[in-house]
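This report goes through one protein model part by part. Please look over the sequence and the structure first.

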Amino acid sequence: MKEIEWVAVANNDDAFDGQFYYGVSTTLIFCRPSCHSKMPLRKHVSIFSTLRSAKDAGYRPCKRCRPEDLIYTHPNTQLVNKTLSIIELQLTSPLTLKDMAEQLFVSSTYLQKVFMKETKVSPSRYLTNVRMSKAKHLLQHTDLLVINIAQSVGYQNAAHFSTAFQRYTGDSPTKFRTKVQ
Ligand SMILES: [Zn+2]
């Protein structure tokens, strides 16, 4: 076991979840690094890089941290959730991938990679989806001017908004509005 792995286990460090699992020889149970189960003695701990290798070695998954549960296995769920709340809270500002990455203290490349892996879309695409579905809702259900709708979904400029909207839906905002009303 590497020192860093032991430190991760000892500190229940969720940053290491998904990177490795640890088994405790006295119970034959294996856990994620973040598991808050009773702290094992170091000499009883074995490190496994995959679920498979832990199981092949005769260990059973812990019922508490559920290392096999996909939702919990991904080390990056937290990062994605934080990204989603940034998008939700800052939808009216012209948010970019770089802005989001900076707020999360990670690189744009890393955020992009993790987000894609977890959600199958890029953060920018997700942001556009949220913007456009809100814009569609406002066009359909309110009498707000297009410029106001543009601003409330993060575009400072009505023309940029219209171009993006048309690219996304195939219709200009005005045309979309006449279609749905
Ligand atoms: Zn556990």
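F105 sits in the loop between helix 5 (97–103) and helix 6 (108–119); helices (H or I, at least four residues) and strands (E, at least two) are DSSP runs numbered from the N terminus. The model is a predicted one, in which local features need pLDDT of at least 70 and side-chain atom pairs count only at pLDDT 80 or more, while totals for chains, interfaces and linings use all residues. Residues are numbered from 1 along each chain as its sequence is written, and side-chain values use heavy atoms, with hydrogens and water left out.

F105 is not a glycine, yet its phi is positive, at about 60 degrees. N12, in the loop between helix 1 (3–10) and strand 1 (21–24), is also a residue other than glycine with a positive phi, near 50 degrees.

The table gives the relative accessible area of several residues. Buried means under 20%, exposed over 50%, and partly exposed in between (1.4 Å probe, protein chains only).

| Residue | Relative accessible area | Class |
|---|---|---|
| F105 | 77% | exposed |
| M39 | 42% | partly exposed |
| N12 | 25% | partly exposed |
| Y21 | 4% | buried |
| F30 | 0% | buried |

M39 belongs to the loop between strand 2 and strand 3. Its C-alpha atom is separated by 9.8 Å from that of V24, and the two residues are 15 apart along the chain.

## The zinc site

Which protein atoms are the donors of the zinc ion? They are the SG atoms of C31, C35, C62 and C65, lying 2.2 to 2.4 Å from the ion. Donors are N, O and S atoms within 2.8 Å of the metal (3.2 Å for Na, K and Ca), and water is not among the atoms, so sites may look incomplete. Along the chain, the donors follow the spacing C-x3-C-x26-C-x2-C.

The angles among the 4 donor atoms are 103 to 121 degrees, and the site is tetrahedral, a term for four donors with all angles between 85 and 135 degrees.

## Aromatic rings

The whole structure holds 7 aromatic pairs. Rings of Phe, Tyr and Trp (its six-membered ring) pair if their centres lie within 6.5 Å; planes under 30 degrees apart count as stacked, over 60 as edge-to-face and the rest as tilted. Y21 and F30 form an edge-to-face pair, 6.0 Å centre to centre with 90 degrees between the planes.

Elsewhere, ring pairs join Y155, F161, F165 and F176 into a cluster. R131 lies over the face of Y155, 5.5 Å from the ring centre. A charge sits over a ring if NZ of Lys or CZ of Arg is within 6 Å of the ring centre and within 35 degrees of the ring normal.

## Domains

The domain assignment, which is automatic or from a database, gives domain 1 (3–68), domain 2 (77–124) and domain 3 (130–180). The C-alpha centres of domain 1 and domain 3 are 50 Å apart.

An unreviewed UniProt entry places the feature "domain: HTH araC/xylS-type" at residues 81–179. UniProt positions are given in the numbering used here, feature names are shortened, and annotations may be inferred rather than shown by experiment. Over residues 81–179 the chain is 74% helix and 0% strand, with the end C-alpha atoms 35 Å apart.

Note on methods:
Four donors count as tetrahedral if all angles lie between 85 and 135 degrees; four count as square planar and six as octahedral if opposite donors are over 155 degrees apart and all others between 65 and 115; anything else is irregular.
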